[in-house]
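Morning, everyone. I'll keep this short. Please look at the structure on the screen.

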Amino acid sequence: MKSFVRMSYPYLLWIALFIVAPMIMILLYAVTRSGSGTITFSFTLDNFGRFLSDTTFLKVLWTSLRIALLTTVFCILIGYPAALFIANLPEKRQTLMVLLLTLPMWINMLLKTYAWRGILMNFDLESEIKVFIGMVYDFLPYMILQIHTAIAKLDRNLIVASYDLGANRWKTFLKVTLPLSVPGIISGITLVFLPAVSSFVIPKLLGGGNYVLIGNLIETYFLVAGDWNFGSAISLIMALIIIASMYLTKRLDRSAVEE
Amino acid sequence: MKRLILAMIAACLALLPVMSSAGGFDPAEVAGTTLNVYNWGEYVDMEVIRDFEKEYNVRVNYKTFESNEYLWLQLQSEDAWDVVVPSDYMIERLIAAKKLQPIDKNIVDNLDQLAEGVKNQAYDPDNTYSVPYFWQTMGIVYDTTKIPEEEMEAQGWNAFQNEAYAGHAYMYDSSRDAFMIAEKALGYSANTTDENEINAAYEWLRNMHRTLKPSYVTDEVIDSMAEGLKWMALVYSGDAAYILGENEDMSYCVPSQGTNIAVDAMVIPANAKNPKLANLFIRYMLDYEASKANSLEVGYASANARVLEELSGAGGEYEDNAAYLPRSGYELDEVYVDLPADWQSRQPDLWTKVMAE
C-alpha cells in the first residue's frame, strides 16, 4: 500500500510545479503593481477595483457567463434524451453509439470550428446563434457520455418495480430514472460549463468578431497591453468564479444523493 | 623580397572577394549548423528557405509569430533566435533595450539593393541593426459594386463613421492601427501622446463601434474579403494586393488624410548563437532572386528596389494591382514610433473597451 502512495509523488510534484506555482504567481501579480522597469512589490487591490468598477468589464464577464450557461442548458436539453435513447439500446449497439459519439472528439477542436465557420457562412443567422451551435456541438459529447454512464449504471429492477407498483412510463421516468441520473447531469455540467466559461476560440471564430469574452480580455492584457498585473487579476476573478461554481455543483450533487 | 611579399598580399586581397561569395568569410565555416528564424506567419516562400539550406548546407529552424508585442515577450526569454523580423517601432524598442547586434555589413554587402522608400528610416537611420524585408501601408479594401470609388476616396477614414455601411465592415483588431485611423481622420499624428487627442480618438472609435457596427477580425479578413462577404475592411496593403488579385470587384483606397507606413525588417538579436549564418541569411533574403520569390508568394511590397520596380511596372505581376506598391513620400504618412510604456498598455485597454461596449 505504501509503495502505491509513493507512486503518486511524481504527480504531486507535477501539480506543485505546473498548477500550484503558477497560481501563486498569478496571485502575486494580481495583488501588486508593476514599478518602472523592474517589478517592485507594493501591495494593491487596485487591479480588482479596476475590473469591478468598470461596467464594460462586468458586461464582458456577464456575456461569458451567459453564453456558458446557455450552452450548458442546451447541452442538457439535447444530451439527456440522446443519453436515454442510447442507454435503452441493446448492449452491443450502445458501445457502437458511444464510439460514434466520441469520434468527433478525436478531431482537433480548431478544425471542427473552422468547418462550422464554412458551413454557417452560407446561412444568415444571428452571430449569437452561430456561436451557440458551435459551442453546443463541441461540448455535447461530454454531457451525453456523463448522463449515459449514470443511466446505464442504474439498476433495472428499480424501473421494473416502479411499473409493478402501477406507475406509468412518464411517472417512472420522473420518479426513478431522472433523480437517479442527476449525478451524471451534474458531472456533465462541470465538464461543460467550466470550459465553456473560459472558451474564447469558438466565439471568436463563429461570432464574426462581435464578441469580447473574458478569455479575450485576459489574452489582450497579457500579450498586447503587457499589463500582467491586471491580466492576472482578471484570471483570478475567473478562477474564483469557477471554484464557486464547482462548489455549488458539488453541493447540488450531495443534496441529490441524500434525497 | 619585401616587394614579393607585398605583391602576394595584394594578390590575395584582390582574390578574396572572388573566393568567398559572401565577402568577409568562407561560407564553409557555417556548413552543418542550424539557423533559428522567427518571422510573421504566411510571410515567406518556403522554397526560398529550402534553397538557402541547400546552397549553404545548413538547417533552418523556421518559426512564426503573430504580433510584435508577442515577439517582444519572446525575446525577453532565454531562447536564442538568430534572425527575427519585427516592425519599425518594435525595432526602435529593441535597439533602445540593447537587444540587437549590428548587422555585419561586410557580409551583408548588398544593402544598395534596398528601395528608397524603406531604407534609412528614423528608427534605424543607417540600417545599422536592421535590413528591411517587406513594407506596406494601411488602407481600405472595398467592394466597388457597393461603394463607388469617388465616394470612398472622398471619405477616406471617415467611411468608418458612415451609418450607411452599418454591418458591412470589417475592422482590424489591432489597437495601434485602430488609433492610427482615428487620429489620422481627426488630423493628428499617429504617434500622438497628447491626452486630449487620445480622448478625441477614443470617442471617434466609440462612435465607429456604435454607428458602423463592424466585425472585429484579424487574418480571417483576407479570405472573407476575397469572397466578398462585406463591403469594406481595414487591411495592410500586402493583404489587399492578394484580395484584389482574387476578387476583381475589390479596390484599395489609401486615404488622403494620411496613413501608417510599416516596415518589417530582419534583425539579429544580441544573444544570437549563429550570427555569421544570420548575416548570410539576411544577405540571401535581400537579394533579387529570394526577394522576388517572396514578394510573388505573399503579395507584400518587396524591400528590394529592382523587384519592386519589376513587379509593379509594365508587364509585372502586380502591374494593375492598386495595392501592391506602397505610397511613398506623402507628407501625412507616418512610420510608427515606439510609444512610452504607459501608452503601450493604455491603447489596448481603451481599444478593448471600444470593442466590448
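Are helices α3(B) and α4(B) roughly parallel or roughly antiparallel to each other? Hold that for a moment.

Some ground rules. This is a predicted model, in which local features need pLDDT of at least 70, side-chain atom pairs count only at pLDDT 80 or more, and totals for chains, interfaces and linings use all residues. Residues are numbered from 1 along each chain as its sequence is written, while chains are lettered from A and ligands numbered from 1 in the order in which they are written.

Back to the helices. Helices here are DSSP runs of H or I with at least four residues, strands are runs of E with at least two, and both are numbered from the N terminus. In chain B, α3 covers residues 68-76 and α4 covers residues 88-96. Their axes come within 10 Å and cross at roughly 20 degrees. Axes are lines fitted to C-alpha atoms over the stretch in contact, and angles run from 0 to 180 degrees between N-to-C directions. Angles under 35 degrees count as roughly parallel, over 145 as roughly antiparallel, 65 to 115 as roughly perpendicular, and the rest as oblique. So α3(B) and α4(B) are roughly parallel.

Who makes the contact? From α3(B), it is B:N68, B:L71, B:W72 and B:L75; from α4(B), B:M90, B:R93 and B:L94. Contact means C-beta atoms, placed from the backbone, within 7 Å. By class, that is 5 nonpolar, 1 polar and 1 charged residues. Ala, Val, Leu, Ile, Met, Phe, Trp, Tyr, Cys and Pro count as nonpolar, Asp, Glu, Lys and Arg as charged, and the others, Gly among them, as polar.

Next, the two chains together. 18 residues of chain B are in contact with 14 residues of chain A. On the chain B side, α3, β7 (215-217) and α13 (341-356) each give two or more residues. α13(B) gives the most, with 8 residues. That side has 7 nonpolar, 6 polar and 5 charged residues.

Now α10(B), residues 275-286. 10 of its 12 residues are buried, so the helix is largely enclosed by the rest of the structure. Buried means 20 or more other C-beta atoms within 10 Å of the residue's own, exposed means 12 or fewer, and partly exposed is in between, with C-beta atoms placed from the backbone. Among the buried ones are B:F281, B:R283 and B:Y284. The partners of the buried residues include β5 (130-143) and α11 (288-298) of chain B.

Last, chain A. It has 12 helices and 2 strands. Of its 259 residues, 29% count as buried.

Conventions: Two residues are in contact if their C-beta atoms, placed from the backbone, lie within 7 Å. The expected span of a helix is 1.5 Å times one less than its number of residues.
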